Amino acid sequence: MYNSVAIKDDIFLIGFNDRRTRLFENLWPMPDGVSYNCYVVRDEKCALIDTAHAAMGDILLSSVETILGDRKLDYLVINHMEPDHSGAICEIVSRYPEVKILGNKRTFDILASYFGSVADLQEVADGETLSLGKHTLQFHMTPWVHWPETMMTYETGEKMLFSGDAFGMFGAPDGGVFDDQVDFNARLEGEMRRYYSNIVAKYGTMVQKALTKISPLTVNMICPVHGFVWRENPAKVVGLYDKWSRCEGDPGAVMIVYGTLYGFTAQIADYIARLLAAEGVKDIRVYDSSKTHLSFLLSEAWRCGTLVLGSCAYNTQMFPAMDEFTRKLSFIGLKNRRLAFFGEYSWNGGGVRNLNAWYEAGKECYELVCAPVEIHGRPDDQKLAGCTELAKAVAAGIPKSK
Ligand code: FEO
């Protein structure tokens with residue numbers, strides 16, 4: 001089948017590229033699509049690890065049949081029940097009615113709530129092993145990465161980790177399925193960080209626990225359910241997940257993001273960016289919160305060590321898109337960031353006042369580096385003068401680029 005690749009002797013990736021769906025979870029844009037991966041271990045006993053989105057059910061079935069031939073499927077391991085991976089369970093059970101479904105208690109609670117009583121269930125315990133013949137699977141409970149039932153499956157001979165959503169990414173692979181077949185450039189790393197920040201980041205503490213849990217394992221290959229199989233440099237994605245789940249931003253990177261009605265706050269943003277560049281800061285990105293989707297703003301906030309946030313007043317409040325952005329940062333738990341604020345008002349303010357209120361409510365997570373700049377009406381040279389102090393304070397904590 002076009003979508004099956006032998007990734008080791010008798011171990012296969014079945015991958016589906018979805019470039020049609022516009023929004024992942026009906027929320028998050030996918031300009032470059034997404035892939036859904038599942039895996040087959042063909043041995044004396046045969047196992048399928050995860051399934052796929054329901055829309056891929058018939059192709060998944062054909063792929064499994066092609067790999068197994070006239071063998072039966074003995075086990076279906078469910079690492080994660082979110083429907084992008086569990087959607088084809090009923091097709092698999094219909095075709096292979098004797099299959100045993102392996103999961104944990106929470107897996108089966110969710111399974112029953114979706115599909116009722118579907119098959120023969122076998123609960124597995126943390127650390128338990130299952131011999132398939134030459135290959136042995138070991139189950140590791142890693143709850144809340146990012147659902148309560150999530151677990152990882154480790155193949156002990158080849159030392160392959162089937163990791164579920166962990167180490168996955170947005171973006172459908174354009175050909176290569178292994179990390180060594182692609183240039184894992186800033187765009188691809190960005191799509192991995194966007195998946196992390198949008199989908200997983202709220203559970204960063206649990207990601208840290210999962211990383212600790214798997215750290216004693218020797219891992220030659222990481223096989224996630226979205227994106228690439230990591231065989232050349234699995235340590236790279238473990239390192240990225242460690243960094244992101246500790247909320248460690250790039251110290252040299254500054255994100256300026258603003259909300260504006262008629263452009264005055266945008267002018268302040270551009271002026272601050274110019275001043276920062278003059279101070280020697282090279283990694284500066286400026287965003288209009290109305291234009292750039294929240295999904296990308298969150299990812300950028302996860303990258304940048306310093307956030308410079310601006311808002312005009314909107315009916316005495318923050319600009320709505322900035323209000324949504326800042327509330328979302330609090331909800332998913334960003335921390336360890338340097339902050340500065342700016343804004344504009346025409347009558348009695350509200351943008352900067354509410355940025356400050358947001359900061360005060362979670363100040364243990366941030367370092368506010370200077371007083372805000374708030375301008376009344378149209379910015380001019382005199383009114384913009386306060387930006388110089390703000391830019392100097394922001395730049396003072398940023399390592400000089402070489
Ligand atoms: Fe890719 Fe949590 O599902």
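A nonpolar core, as I use it here, is a set of buried Ala, Val, Leu, Ile, Met, Phe, Trp, Tyr and Cys residues joined through side-chain atoms within 4.5 Å. Buried means under 20% relative accessible area, exposed over 50%, partly exposed in between, with a 1.4 Å probe and protein chains only.

This is a predicted model: local features need pLDDT of at least 70, side-chain atom pairs count only at pLDDT 80 or more, and totals for chains, interfaces and linings use all residues. Residues are numbered from 1 along each chain as its sequence is written, and side-chain values use heavy atoms, leaving out hydrogens and water.

Cores next. The largest one holds 90 residues. Leu 309 and Phe 325 have the most contacts inside it. Helix 5, residues 186–200, gives the most to this core: six residues. Helices (H or I, at least four residues) and strands (E, at least two) are DSSP runs, numbered from the N terminus. A second, separate core has 26 residues, including Val 281 and Val 369.

Seven strands form an open sheet, order 1-2-5-6-7-8-9, with mixed pairing. Two strands pair if DSSP finds at least two bridges between them. Strand 1 (4–8) and strand 9 (120–123) are the edges; each has a single partner strand, so one side of each lacks a neighbour in the sheet. Strands 1 and 2 pair in the antiparallel sense, over four bridges. Strand 2 covers residues 11–18. There, Phe 12 stands opposite Ala 6.

Finally, helix 1, residues 57–68. Helix 1 packs on the sheet and touches strands 1, 2, 5 and 6. Touching is contact: heavy atoms within 4.5 Å.

Definitions and conventions
Axes fitted to C-alpha atoms, helices over the stretch in contact; angles between N-to-C directions.
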